[in-house]
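We'll walk through it a piece at a time.

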Amino acid sequence: MSFNRAPSKDLEPWLGRVYATPVDLPDDYELVSGLLNDCSMVRIQLSGKWQAHTADGVNDYGPAALIFGPHSKFMRIKVTGSFVSIGLALRPGAGHAIFGVAASEVVDRIVPFERVGLDSQIALNNLNRYSDATSWVNTIEARFRQIVEAKGRPLPDPVTTAFENLAYENPAANIGDFAEELCISMRQLQRIINRDFGMAPKQVLRRARALDMASHLHGVADEKEADDLILRYFDQAQMTREFTEFFGMTPRQFMKTPNPLMTLTLEARQAKRLEMLKRLPPGATRPWQ
C-alpha cells in the first residue's frame with residue numbers, strides 16, 4: 001500500500017487525498033498496470049521512467065510535475081525501474097475553481113504544471129530535498145495551501161460537491177430526482193457536471209459504480225458492503241457490460257489480473273469514500289487492513 005491520508009481540515013473543500021508511493025524495483029523491471037481515476041490528480045514523479053496511453057497518444061515521462069485529468073476509461077501505464085510518485089487528489093470542481101481549468105479539458109490527458117501556471121522544476125526541487133513520505137506529503141500540501149490562499153480560497157460549485165457525495169453514497173440514484181432536489185434544470189446539471197467531472201452525470205455515476213465493484217474485486221473495500229455493491233446492478237450481464245466499458249476487461253478477468261497501480265488507486269479512493277460518508281474516522285484502520 002502507498003502512504004495516503006485525508007488532507008488537512010482546512011484543505012478538505014479542494015482535496016480528497018494526499019499520497020506518496022515509493023517503490024523499489026530492479027532497473028530493468030517493467031511494471032505494466034494502469035489507472036482509472038474519478039478525479040484530477042496532481043502527480044509529481046521524482047524518479048522512474050513512465051509511459052502512458054493518453055487521449056493525446058502514447059507519451060513517455062521521466063521525473064516530472066504533472067496533472068492527470070480524470071479518466072473516462074482505463075489508462076494503460078508502464079513504469080520501468082524504481083519510482084517515487086507524490087500527489088494530491090483534487091476534488092471535482094477544484095481545478096476549475098482554483099486554476100480555471102475545466103475537467104472536460106483534461107479528461108484522459110496528462111499535462112505539465114505549466115498548463116495551470118505553475119513551475120514544474122520548482123516543484124521537483126522542493127520535494128527532492130526530502131526522502132520520506134511524511135515530509136513529501138506535508139511539503140506538497142503546504143504548497144497547495146499557499147496557492148489556495150493566493151487565489152482567495154474559491155470553493156467548487158455546491159452542485160458539484162453534492163453530486164460527488166451522491167456518487168459515493170448512491171451511484172444508482174436517479175439523475176432527475178437529484179436535479180429536482182437541488183432546484184436546477186437537467187440542462188444546468190449536465191453543464192456543471194461535464195465541466196467539473198469531464199463526463200455526463202449518468203456516466204459519472206456508472207464509473208463510480210464500476211470503481212466500487214473493482215475495489216471489491218481487488219480486496220480493498222468494506223466486505224460488509226459486498227451484497228449492496230452487487231445489487232446496484234440489475235443483473236450479471238449489466239455488471240459485465242458496464243465494467244468492461246470502463247476497464248476493457250470483464251470483472252472475472254480484472255480479478256485475475258495483477259494491477260498494482262490500480263489497486264493502490266482504489267485503496268485510496270475507498271478510504272476517502274468511507275471517510276466522506278462518515279463510516280470511517282480519518283486515520284482509523286481500514287476494513288481491508
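Predicted model: local features only at pLDDT ≥ 70, side-chain atom pairs only at ≥ 80, totals over all residues.

Let's start with helix H3, which covers residues 120-128. Which of its residues are buried? They are Ser120, Ala123, Leu124 and Leu127. Look down the axis of H3 and these buried residues fall within an arc of 95°, so they line one face of the helix. As for what the buried residues of H3 pack against, you'll find strands S4 (41-54), S6 (64-68), S7 (75-90) and S8 (110-112), plus helix H4 (133-150). Have a look at the start of H3 too, where a side-chain oxygen of Asp119 comes to within 2.9 Å of the backbone nitrogen of Gln121.

Strand S5 (residues 57-61) runs antiparallel to S4, and five bridges join the two. The hairpin between S4 and S5 goes through two residues. To find your place in the pairing, look for Gln51, which stands opposite Asp60 in S5.

Now for the greasy parts. In soluble globular proteins, nonpolar side chains tend to be buried together. Here the largest nonpolar core has 39 residues, and those with the most contacts inside it are Phe163, Leu189, Phe247, Phe254 and Met262. At least two residues of this core come from each of helices H5 (158-169), H6 (175-181), H7 (186-197), H8 (201-217), H10 (236-247) and H12 (260-276). H8 gives the most, with eight residues. Zoom in on Leu189: setting aside neighbours within four places in sequence, Leu189 is in contact with Val159, Ile175, Phe178, Ala179, Ile184 and Pro201. There is also a second, separate core of 32 residues, which includes Ala65, Val84, Leu90 and Ile147.

Next, the loop between helix H11 (251-256) and H12, where Asn259 is found. Is Asn259 buried or exposed? It is buried, because its relative accessible area is 6%. Not counting residues up to four places away in sequence, Asn259 touches Ser33, Gly34, Phe74, His218 and Phe254.

Last, the cysteines. With a disulfide taken as a pair of cysteine sulfur atoms within 2.5 Å, the count comes to zero. Cys39 counts as buried because its relative accessibility is 6%, whereas Cys183, at 70%, counts as exposed.

Methods
Residues numbered from 1 in each chain as written. Heavy atoms only, no water. Buried < 20%, exposed > 50% of the residue type's maximum accessible area, 1.4 Å probe, protein only. Helix = DSSP H or I, 4+ residues; strand = E, 2+ residues; numbered from the N terminus. Arc of directions from axis to C-beta. Contact = heavy atoms within 4.5 Å. Polar contact = N/O pair within 3.5 Å; in protein donor to acceptor, adjacent residues only side chain to side chain. Core = buried A, V, L, I, M, F, W, Y, C linked by side-chain atoms within 4.5 Å. Pairing = 2+ DSSP bridges.
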